[in-house]
Amino acid sequence: MYSKGFRPLSIATVVALASALALVFFYAPNDADQGFVQKIFYVHVPMAIVALGGWVAGGLMAIKHLRSGDRSWDVRSYVAIHLSIILGVGVLVTGAIWARASWGHWWVWDEPVLVSFLIVFLLYCVYYPLRFSIEDPERQARYSSVFAITAGAFVPLNFIAVRLAESFTHPRVLSQTGGNLPGEMRLTFLVSLAAMTLLFVTLWKLELASKNASAQLKRLRTKLNARLAA
Amino acid sequence: MIRAARAILVKDLRLELRTKESVPAMTLFTVTVYVLFHFGLDRDTLEGSLASGVLWVTLLLAAVVGVARLFAAEREQGGIDGLLLAPVDRTALFVAKAAALFLFLCAVEIVALPAFALLLLGPDLLEPLPRLLPILLLANAGLAAVGALVAALATATRAPELIMPLLLLPLLVPVLIGAAEASEPLLRDDPVADRLGRWLGLLTLYDVVFVLLSVAVFDYLLED
């Protein structure tokens with residue numbers, strides 16, 4: 001039923017998530033000027049990185065689909081984009097909470113990473129109406145792949161444009177912390193990132209297994225109905 | 001390929017000249033949006049970032065109107081079957097549609113820019129005009145490439161008029177950033193060219209990426 005290696009993968013995910021949470025709460029020090037609320041960083045940033053990676057991966061899988069004509073790659077691309085959109089909601093919510101706590105506003109327009117993320121998120125939200133308003137399955141797969149490739153290429157381009165547009169006066173939390181993170185925070189961050197990546201891959205495989213199972217069930221049902229009718 | 005693209009382009013331009021459908025509608029639309037902005041902002045004249053923002057948002061919305069009609073003749077009269085049966089590359093179709101949209105946008109701007117200067121713009125338009133031209137041309141190229149791609153992408157859906165603007169507008173955010181930031185210093189009371197090269201570079205990068213991308217993926221659209 002499940003693909004090979006699914007059980008060890010899910011165990012690794014649980015272990016990584018548990019140790020990431022343990023590190024966040026008991027090991028990583030409180031930030032000097034932001035205090036406890038800075039710990040949302042260990043959820044927010046890994047989620048954003050994994051979501052963006054999932055979108056780009058969805059684009060690459062779509063290229064594979066168009067090149068090989070194998071529709072299972074389109075399903076893989078769809079599941080990757082779908083999970084990234086769910087993570088994207090989490091990124092925007094945790095980002096807003098963090099912004100409220102550290103700058104006093106729920107939304108700040110001069111944080112280029114957050115603004116770029118919103119634009120990309122809005123674009124990917126159109127993936128669902130686009131995909132599900134095309135009825136022919138073969139055409140649906142083809143058009144969805146073209147969208148996935150276009151949007152995947154748009155992700156880095158949009159980040160360049162928004163970063164250029166913002167004035168360079170605002171302190172850049174991400175590049176600062178990414179650049180000179182103290183050792184304990186860096187370790188916690190890397191473990192959280194690994195845990196989030198594992199979680200994404202596990203959910204991706206699970207969703208694919210469930211999609212395959214329901215497709216198989218549908219095939220068996222039609223077979224059964226045909227036999228009963230005969 | 002080039003001959004096929006030119007034939008389709010000439011067909012589209014002739015159709016536009018005879019029916020006078022897209023360009024007059026887009027132009028009228030820009031003037032209407034200026035009026036809306038006059039009341040919405042409650043300002044008689046604009047300069048600087050407000051002027052450049054109003055100008056570019058209006059042109060982007062006018063492009064949405066143009067993109068909505070880009071495959072209209074093909075869809076409504078079944079011309080798309082003729083085009084697809086013809087033994088030509090899909091790329092030719094993309095090049096022709098993007099070129100048509102580019103020319104439509106240029107034609108709209110010939111009226112929309114003077115209308116903007118007359119109705120809303122505070123500072124003089126003639127002085128910064130030579131430096132505005134490359135911005136307009138590069139932005140039109142980006143709008144045309146993305147517009148043709150999105151129009152083709154949306155035609156297969158059940159509600160193209162709904163999907164198209166939702167797809168097009170987020171994709172155009174970098175064009176808006178580049179064009180509005182580049183025009184902003186030129187539309188001040190004392191126009192200066194501030195960091196013009198950087199924004200023209202961004203627009204060029206966008207155009208190159210999306211033209212190449214559209215040419216690469218267009219073969220997979222509109223084939224049935």
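**View 1. Asp42(B) is an exposed residue with 7 other C-beta atoms within 10 Å.** The cut-offs for this term are as follows: a residue is exposed if 12 or fewer other C-beta atoms, placed from the backbone, lie within 10 Å of its own, buried if 20 or more do, and partly exposed in between. Asp42(B) sits in the loop between H2 and H3 of chain B. Its phi is positive, near 55 degrees, in a residue other than glycine. This is a predicted model, in which local features need pLDDT of at least 70 and side-chain atom pairs count only at pLDDT 80 or more, while totals for chains, interfaces and linings use all residues. Residues are numbered from 1 along each chain as its sequence is written, and chains are lettered from A and ligands numbered from 1 in the order in which they are written.

**View 2. Lys20(B) lies in the loop between helix H1 (2-19) and helix H2 (22-41) of chain B.** Helices (H or I, at least four residues) and strands (E, at least two) are DSSP runs, numbered from the N terminus. Lys20(B) is not a glycine, yet its phi is positive, about 50 degrees. With 10 other C-beta atoms within 10 Å, Lys20(B) is exposed.

**View 3. Helix H3 (residues 48-68) of chain B crosses H7(B) at roughly 40 degrees, and the two axes come within 10 Å.** Angles under 35 degrees count as roughly parallel, over 145 as roughly antiparallel, 65 to 115 as roughly perpendicular and the rest as oblique. Axes are lines fitted to C-alpha atoms, for helices over the stretch in contact, and angles run from 0 to 180 degrees between N-to-C directions. The crossing of H3(B) and H7(B) is right-handed. A crossing is right-handed if the near helix is turned clockwise from the far one by less than a right angle, and left-handed if anticlockwise. Ala63(B), Gly66(B) and Val67(B) of H3(B) meet Leu143(B), Gly147(B), Val150(B) and Ala151(B) of H7(B). Two residues are in contact if their C-beta atoms, placed from the backbone, lie within 7 Å. The contact of H3(B) with H7(B) has five nonpolar, two polar and no charged residues. Ala, Val, Leu, Ile, Met, Phe, Trp, Tyr, Cys and Pro count as nonpolar, Asp, Glu, Lys and Arg as charged, and the others, Gly among them, as polar.

**View 4. H7(B) is mostly covered, with 20 of its 27 residues buried.** At 1.5 Å a residue, the 27 residues of H7(B) should span 39 Å, and the end C-alpha atoms are 37 Å apart, which agrees. The expected span of a helix is 1.5 Å times one less than its number of residues.

**View 5. Chain B touches chain A through 24 residues, which are in contact with 24 residues of chain A.** Helix H7 (129-155), helix H8 (160-171), helix H9 (173-183) and helix H10 (196-217) of chain B each give two or more residues to this side of chain B. H10(B) supplies the largest share, six residues. The residues on the side of chain B that touches chain A divide into 19 nonpolar, two polar and three charged.

**View 6. In chain A, the axes of helix H2 (residues 41-68) and helix H6 (residues 137-165) come within 8 Å and cross at roughly 135 degrees.** That angle makes H2(A) oblique to H6(A), and the crossing is left-handed. On the H2(A) side the contact includes Leu52(A), Trp55(A), Gly58(A) and Gly59(A). On the H6(A) side, Ala141(A), Ser145(A) and Gly152(A) are among the residues that take part. By class, the contact of H2(A) with H6(A) has 12 nonpolar, five polar and no charged residues.

**View 7. Helix H3 (residues 71-103) of chain A has 33 residues and, at 1.5 Å a residue, should span 48 Å.** The end C-alpha atoms of H3(A) are 47 Å apart, which agrees. Gly104(A) follows H3(A) and has a positive phi, near 85 degrees.

**View 8. Ala229(A) lies in helix H8 (residues 183-229) of chain A.** Ala229(A) counts as exposed, with 6 C-beta neighbours inside 10 Å. From C-alpha to C-alpha, Ala229(A) and Ala28(A) are 66 Å apart in space, and 201 residues apart in sequence. The C-alpha atoms of chain A fill a box of roughly 75 × 40 × 30 Å, taken along the principal axes. Chain A has eight helices and zero strands, and 35% of its 230 residues count as buried.
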